[in-house]
Amino acid sequence: MSAEIKNLSPQPVWGYFYDLTQIPRPTGHMEAVTRFMVAFGKGLGLETLQDEVGNVLIRKPASPGMEGHKTVTMQSHLDMVPQKNSSVKHDFLTDPIDAYIDGDWVKARETTLGADNGMGAAFAMAVLADKTLTHGPLEALFTINEEVGMDGAVGLKPGFLKGEILLNCDSEEEGELFVGCAGGADLNVSMQFKEDTYIPEGDVAVKISLTGLKGGHSGVDIHLGRANANKLMFRFLKEAVRDYGARLSSVDGGSLRNAIPREAFAVITIPGDNVEALWELVSDYQEMYRYEYKGIEHNINFTAEMTDMPATLIPEEIQDDLINAIEGCQNGVISMLVDFPGTVESSTNLAIVKSSNEMIEIQILVRSSSESRKEAVCSSLESIFSLAGAKVEYSDGYGGWQPNIDSPILKIMQQAYLDLYGKKPEAKVMHAGLECGIIQESYPDMDMISIGPDLQHPHSPDERVSIPSVARTWDFIVTTLARI
């Protein structure tokens, strides 16, 4: 039972995290969790505010003798990414997360765990509730809808916060201090068409399924070289169309813009005489994909089965343009940062390819620490899809958080971690979108840093958080607050 996690240490942190797992809070559905957070703050007798976009702010006075110290804003987001394996029945709008202990880790059964960023929120709640801690003036900001659009951070108004220091708790590597992050932009690609109702006599219908991929966070996991289900599916479709007479009726790949797609499905028609050859081709591709991703992906399943004949097909010229564009679309790591070795600078995630109602929709998330590189990658993608006759729209997105390696809070926290654990943490830049960059636009003088416990594979059902790391991070937060 998921309640067992409440007995982990530190108990207040895990208890509040458990509470959050019981509240459905996928992005876009924030009402229940913001009500819970407002009630939590008021229940502690603390000043509790909610702004017009829905962010919740709870203020706690300084410990006796610490009133003159700088105000610290602890910040985390309340929403979680709703991803599940196709084999499980789970409704993210109504069902709690079933968390469990597996050795030194906490996981969820067949779904995302929501430690991104529920663990950050739990740290802040535990600080607010603990009357024994030493700290200056404190406030905790709980933002909404970070995972899609960063609505809470974007809607944050100047003057709402009093903090001079922002402690963002949305990082995923304990012992490292993040001082910068990538910005991002969304590309929305669409191809309209009139459905083809002619299906050659003697054709049969086949459903192609690609499942079992790891997926993961399209920022922090992009350098791991994991397979993108959309890229693999269309690589196969190109040969099936070219050499086996296949026609594409529908495609459904990926589900979230910021998650590496784990599954893709397509319905095709094919001359009945070619069915046996197609079975062989599917088997060959499965074997090839398993070989190519050996050591990275462990459960690639590529299968074909007979299905009901569709009523329509995607017109041949649209089908061919789509396949060529997807095949040519850049995906994965594009460039690396020179000043922070081993850190990705720019990347793309071909997140979603779906057909419905005479429309094909494609969503791509571009990330970069460089605004000019971000624009260049977006322009490149726009060119390839424009050549395919598609309509391409992309947002200006959100800016990155520019590193400040001379940050006073960085030096305080490096020394605190060194004193606690005998190791000086590195200052790093994250290849993911943190809210710090957006908040910085409204609060340009705020000193910012981002921390968090070891959290692996967010945005996928393999998400897990380290129990010992949570305890160390809690002690690190407590020590830091006492020194500011």
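**Ground rules**

I number residues from 1 along each chain as its sequence is written, and my side-chain values use heavy atoms, with hydrogens and water left out. Since the model is predicted, I take local features only at pLDDT of at least 70 and side-chain atom pairs only at pLDDT 80 or more, while totals for chains, interfaces and linings use all residues.

**Entry 1: the annotated domain**

I looked up the UniProt record first. An unreviewed entry there carries the annotation "domain: Peptidase M20 dimerisation" for residues 209–294. UniProt positions are in the numbering used here, feature names are shortened, and annotations may be inferred rather than shown by experiment. Over residues 209–294 I find the chain 40% helix and 21% strand. The end C-alpha atoms of that stretch are 20 Å apart. Helices (H or I, at least four residues) and strands (E, at least two) are DSSP runs, numbered from the N terminus.

**Entry 2: helix H1 and its cover**

Next I went to H1, residues 11–21. How many residues of H1 are buried? I get 8 of the 11, so H1 is largely enclosed by the rest of the structure. Buried means under 20% relative accessible area, exposed over 50%, and partly exposed in between (1.4 Å probe, protein chains only). The buried residues are Val13, Trp14, Gly15, Tyr16, Phe17, Tyr18, Leu20 and Thr21. What covers them includes H2, strand S5 (105–108), H3, strand S21 (464–466) and H11.

I then checked H1 against H2 (residues 31–43): the angle is about 145°, and the axes are 11 Å apart. Axes are lines fitted to C-alpha atoms, for helices over the stretch in contact, and angles run from 0 to 180 degrees between N-to-C directions. On the H1 side I see Tyr16, Asp19 and Leu20, which meet Val33, Phe36, Met37 and Phe40 of H2. Contact means heavy atoms within 4.5 Å. By class, this contact has 6 nonpolar, no polar and 1 charged residues. For the classes, Ala, Val, Leu, Ile, Met, Phe, Trp, Tyr, Cys and Pro count as nonpolar, Asp, Glu, Lys and Arg as charged, and the others, Gly among them, as polar.

**Entry 3: two partners of H11**

Helix H11 (residues 467–483) packs with H9 (residues 408–421) at about 125°, with axes 9 Å apart. H9 and H11 are therefore oblique to each other. Angles under 35 degrees count as roughly parallel, over 145 as roughly antiparallel, 65 to 115 as roughly perpendicular and the rest as oblique. I note the crossing of H9 and H11 as right-handed; a crossing is left-handed if the near helix is turned anticlockwise from the far one by less than a right angle, and right-handed if clockwise. From H9 the contact includes Ile409, Met413 and Tyr417, and from H11 it includes Phe476, Thr479 and Arg483. The residues of this contact divide into 8 nonpolar, 3 polar and 4 charged.

With H3 (residues 115–129), H11 packs at about 45°, and their axes are 11 Å apart. H3 and H11 are therefore oblique to each other, and their crossing is right-handed. Met119, Phe123, Ala126 and Val127 of H3 touch Val470, Thr473, Trp474, Ile477 and Leu481 of H11.

**Entry 4: Val189**

Val189 sits in strand S9 (residues 183–192). Is Val189 buried or exposed? It is buried, with a relative accessible area of 2%. Leaving aside neighbours within four places in sequence, I find Val189 in contact with Ile360, Glu361, Ile362, Phe385, Ala390, Lys391 and Val392. I also checked Leu224, 35 residues away along the chain: its C-alpha atom is 26 Å from that of Val189.

Most residues other than glycine have a negative phi, and most peptide bonds are trans. I went looking for exceptions. The bond from Ser9 to Pro10 is cis, with omega near 0°, and Pro10 lies in the segment before H1. Asp116 and Asn117 are also joined by a cis peptide bond, with omega about 10°; Asn117 is in helix H3.

For positive phi, I noted Asn145, near 50°, and Met150, also near 50°. Asn145 lies in the loop between strand S6 (138–143) and helix H4 (151–154), and Met150 is found in the loop between S6 and H4 as well. Asn145 is buried at 11% relative accessible area, and Met150 is buried at 3%.
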